[in-house]
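Biologist: Can you walk me through this one? Start with the terms, then go on to the details.

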Amino acid sequence: MAPASRRQAVDTVIEELGVSERQACRTLDQYRSTQRYELKMPEKDRPLTEAIREQANRRKHRRYGYRRITEILCLLGWAVNHKRVYRIWRQGGLRVPQKRGKKKRYNGNGLNACDRRPAQYMNHIWSYDIMEDRLENGRKVRILNVIDEFTRECLASEVGFSIKSHDVIELLRYLFLVRGCPVYLRSDNGSQFTARRVKSFLKDMGVGTLFIEPGSPWENGYAESFNSRMRDELLDGELFLHLDEMKYVVERWRMDYNHYRPHSSLGYMTPAGFADLCRQADCVRPQTPVLDRVPVSYTHLRAHETKEEISYAVFC
């Protein structure tokens with residue numbers, strides 16, 4: 001039992017039974033000096049406690065735990081470690097609401113699973129997947145997310161009422177132009193990814209495909225993990241009235257995820273910061289020019305988006 005709990009127990013015995021402090025401490029094996037000790041830490045920790053509560057109560061941090069809050073505080077100039085933040089976090093009764101667990105089904109582990117064929121460097125393996133949400137009027141909306149598995153960057157989040165094979169091709173064309181081609185693309189067996197047009201396009205671009213086993217979404221773990229973060233930190237806490245509103249909010253969150261949110265798997269670096277480190281260390285796949293293979297008309301359609309990727313200052 002913690003000292004504070006023991007002091008509370010002694011006070012309760014004194015109040016309920018009307019005995020003296022000496023007798024209550026003797027019975028409960030509590031030192032009287034410990035019982036009379038006045039805490040000095042609360043005043044010392046008051047500025048840090050207020051800073052922790054301020055960050056934990058921010059809307060974008062509502063799903064952040066104490067470790068991620070520690071990294072945010074360090075970025076703000078606080079000289080504090082995770083143990084002190086954890087102590088104040090527990091004393092203040094702060095906690096991240098637990099998600100309801102889902103029943104897991106395992107059908108085996110295919111050769112193309114993310115743990116069997118992991119990414120070795122930047123632009124080695126990308127993964128993409130489609131998730132669903134609904135607008136306020138109940139209309140279904142689909143989101144196509146593309147992830148670099150090595151840097152954990154979300155390269156694109158395409159929002160639409162429907163996403164077909166030609167939408168996948170147009171998005172990949174743009175990403176291949178501004179980012180370069182990966183070695184492989186990992187995905188499930190959805191019709192948007194297994195269409196002959198998509199396979200033919202990837203073959204022409206020299207990109208291999210890694211299809212996971214049917215009914216085994218955990219084999220595409222990086223995409224599923226990102227989808228879970230997006231749903232937990234964004235979609236479950238927002239009510240979207242229009243598709244344009246959803247596109248704007250999702251893109252803002254994607255940029256925030258890449259450039260601001262500390263990622264635990266990267267030593268609490270941001271994905272964009274880790275990608276810059278990979279470029280400095282030359283941990284990137286050598287790229288061949290793909291400009292001549294991308295239709296000029298598409299480059300004009302997406303030209304304005306390159307500026308948004310380069311200049312993140314607008315979103316900070």
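Modeller: Contact means heavy atoms within 4.5 Å. On that basis, residues 24 or more positions apart account for 65% of the contacts in the protein with a separation of 6 or more. This is a predicted model, where local features need pLDDT of at least 70 and side-chain atom pairs count only at pLDDT 80 or more, while totals for chains, interfaces and linings use all residues. Residues are numbered from 1 along each chain as its sequence is written, and side-chain values use heavy atoms, with hydrogens and water left out.

Biologist: How many helices and strands does the protein have?

Modeller: There are 14 helices and 5 strands. Both are DSSP runs numbered from the N terminus: helices are H or I with at least four residues, strands are E with at least two.

Biologist: And what percentage of the residues count as buried?

Modeller: 41% of the 316 residues. Buried is under 20% relative accessible area, exposed is over 50%, and partly exposed is in between, using a 1.4 Å probe and protein chains only.

Biologist: Helix packing next. At what angle do H5 and H6 pack?

Modeller: About 120 degrees, with the axes of H5 (residues 66-75) and H6 (residues 82-91) 9 Å apart. Axes are lines fitted to C-alpha atoms, for helices over the stretch in contact, and angles run from 0 to 180 degrees between N-to-C directions. H5 and H6 are therefore oblique to each other. The classes are roughly parallel under 35 degrees, roughly antiparallel over 145, roughly perpendicular from 65 to 115, and oblique for the rest.

Biologist: Which residues of H5 and H6 meet?

Modeller: From H5, Tyr66, Arg67, Ile69, Thr70 and Leu73; from H6, His82, Val85, Tyr86 and Trp89. By class, the contact of H5 with H6 has 6 nonpolar, 2 polar and 1 charged residues. Nonpolar covers Ala, Val, Leu, Ile, Met, Phe, Trp, Tyr, Cys and Pro; charged covers Asp, Glu, Lys and Arg; the others, Gly among them, are polar.

Biologist: What about H7 and H9, at what angle do they pack?

Modeller: H7 (residues 165-179) and H9 (residues 196-204) pack at about 20 degrees, with their axes 9 Å apart. That makes H7 roughly parallel to H9. Ser165, His166, Ile169, Leu172, Arg173 and Phe176 of H7 meet Arg197, Val198, Phe201 and Leu202 of H9. The residues of that contact divide into 6 nonpolar, 2 polar and 2 charged.

Biologist: Changing topic: how many disulfides does the structure hold?

Modeller: It holds 0 disulfides, a disulfide being a pair of cysteine sulfur atoms within 2.5 Å.

Biologist: Backbone, then. What is phi of Asp29?

Modeller: Positive, about 55 degrees, although Asp29 is not a glycine. Most residues other than glycine have a negative phi. Asp29 is in the loop between H2 (21-27) and H3 (32-36). Asn123 also has a positive phi, near 65 degrees, and sits in the loop between H6 and strand S1 (125-134).

Biologist: Are those two buried or exposed?

Modeller: Asp29 is exposed at 64% relative accessibility, whereas Asn123 is buried at 2%.

Biologist: Last one: where is Asn220?

Modeller: In the loop between strand S5 (208-211) and helix H10 (221-233). Asn220 is buried, with a relative accessible area of 1%. Beyond its neighbours within four places in sequence, Asn220 has contacts including Ser127, Tyr128, Glu149 and Arg186.
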